[in-house]
Amino acid sequence: MAGAAVTALAVSLPQSALASGPSTRVPIDDPIGPRIQQGPVQVDLTTITTEVTAPLAGITAPGHPDELFIVDQVGTLWSLDLTAPAPVSPTSVLDVSGLLAGPQDPKDERGFLGAAFSPDFTTDGLVYTDTSEPLGPAEHPLRPSTDACLNGFPQTPDHVDVIREWHLVPDASGALHVDPALPAGRKLLSSEHPQANHNAGDMHFGPDRFLYVTDGDGGGADDQNCQTNFDGNPMFGHPGIGNGQSLDTPLGKLLRINPRQTDTRGTLSANGAFRNPPGNPFPNGAVPEIYSYGLRNPFRFSFDRDNGDLWVPDVGQNDIEEVNLVSQPGQNFGWHLKEGTFLFDAGGFQLKGARSDAFVFAQSPGTPAGLTDPVAQYDHDDGTAIIGGYVYRGASMPGLSGHYVFGDTSRRLNNGHGRLLAFDSDRRSLVTAANTIVELRDGPLDFQLIGFGQDSAGELYALVFGVPGPNGPTGAVMRLSQSRQ
Ligand SMILES: [Ca+2]
Ligand SMILES: [Ca+2]
Ligand SMILES: [Ca+2]
């Protein structure tokens, strides 16, 4: 039972280190005093298209250097011809809208959440997707909850998040479409989600040619059972220490799988649909797909196209947004024992309006042992949810070369004032002044930031919604360019 032993060890380390008792814990009102300042480099934004709804990712496909493929949360994978004069009308490559359990409104976190093209796309034509779908058979069901608070309450999951493989073929003009012989794709694995929010769902192939996928902690607040959920009922599906810290669930994790049937590295999964790569840290555990854990909602992540560094920001809850650098398999990034470098108390079981009764109570870089701190962080005076971007390796913005370019969805929750941010990733370390985050604009945007794209030349795109359009608010893809320094 190597998996059970690993789980017990992983849980006991931080628990014992935090056994100081709630009476000594005083919430910190302002965890990080200094505010993010405008940096020396400023960027302009050029609208490439507004013919999208909620663009969450902008990715490339081998063999298609002039296209940026946009993951639209409502269910379309679009192709944008970057050689055409803006504004560009996107063309649909793949429509998964018929599979989706959401989104049903602009705040709904479910839907088409991520996609990644096979590193051998020019020969195998494969693309992978992450989708929130109605309940059905799942490789990873919820862990059962036996808390007394749940007596009489149904523990029906909200949805399943599913990873699928699709085969694309070019038509006579070279445009990509789903292979009509395989219209439903191939399902690889799925995980039940107790609540609707915190689905993460980004995916990228790494330099090792394995597929990395993020999954959120299952939703609600505090990653804690019996918390009063937003619907007034007690939360379920977060038993024990919570999902982020449990190695028995894919919730709150970075996963790594080998999905391609032509690649025989690794151990065949229980359902035979994919392989678990050699080097995954918990091969005998309940979830051998796990690569990293202790995450809350690692909504967007990326690899540095030059050196392969793996950057996984995590959306915080009450106070801290963080950027993590994954340096080895098996790292625990702390949720819900820490937010950023601060110790976190999940509190009792009450929500206070839109916030929880949890709080951060001590600055604690480096401890408890066994947890990996972020390399950069900011608090909620400067934003509400971090939107991961890319280390800039393009040519048009020399002032940002080697900088991790990212952002925050909105200066205040859902007020439509996204921010574009950056820090020098080549001087990475634990949180220090060397990783001072700066703002790339003279103040916030007039719309909400929800993702980033990187084209085949390494140029970057801000993906936003809430942009005024002829028929009401729309999504947009905007290219970054350097305007100063
Ligand atoms: Ca602050
Ligand atoms: Ca963390
Ligand atoms: Ca709580």
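**Close-up 1. An irregular site surrounds the calcium ion (ligand 3), where the angles among its six donor atoms run from 63 to 167°.** Please keep in mind that this is a predicted model. The atoms that coordinate this calcium ion are Asp222 (OD), Gln224 (OE1), Gln227 (OE1), Ala346 (O), Gly348 (O) and Asp357 (OD), at 2.2 to 2.5 Å. If you trace these donors along the chain, their spacing reads D-x1-Q-x2-Q-x118-A-x1-G-x8-D. Aspartate 222 belongs to the loop between strand E13 (211-215) and strand E14 (253-257), while alanine 346 sits in the loop between strand E22 (342-345) and strand E23 (351-352), so the two tie together parts of the chain that are 124 residues apart in sequence. Are aspartate 222 and alanine 346 buried or exposed? Both of them are buried.

Close-up 2. Glutamate 322 is part of strand E20 (residues 320-326), whereas phenylalanine 333 is found in the loop between E20 and strand E21 (338-339), with eleven residues separating the pair. Glutamate 322 has a relative accessible area of 4% and is buried. Phenylalanine 333 is buried too, with a relative accessible area of 3%.

**Close-up 3. Strands E21, E22 and E25 make an open sheet of three strands.** Their order is E21-E22-E25, and the pairing is antiparallel. Which strands form the edges? They are E21 and strand E25 (359-363), each of which pairs on one side only. Between E22 and E25, the antiparallel pairing extends over four bridges. Here you can look for aspartate 345, which stands opposite phenylalanine 359 in E25.

**Close-up 4. The largest nonpolar core brings together 45 residues.** Which members touch the most others? They are Val323, Leu400, Val405, Phe406, Leu420 and Phe423. Strand E32 (residues 460-469) gives the most to this core, supplying five residues. Another core, with 18 residues, lies apart from this one; Phe112, Val127, Leu168 and Leu176 are among its members. As a general background to this view, nonpolar side chains tend to be buried together in soluble globular proteins.

How values were computed: Residues numbered from 1 in each chain as written. Chains lettered and ligands numbered in written order. Predicted model: local features only at pLDDT ≥ 70, side-chain atom pairs only at ≥ 80, totals over all residues. Heavy atoms only, no water. Core = buried A, V, L, I, M, F, W, Y, C linked by side-chain atoms within 4.5 Å. Buried < 20%, exposed > 50% of the residue type's maximum accessible area, 1.4 Å probe, protein only. Donors = N, O, S within 2.8 Å, 3.2 Å for Na, K, Ca; no water. Tetrahedral: all angles 85-135°; square planar, octahedral: opposite > 155°, others 65-115°. Pairing = 2+ DSSP bridges.
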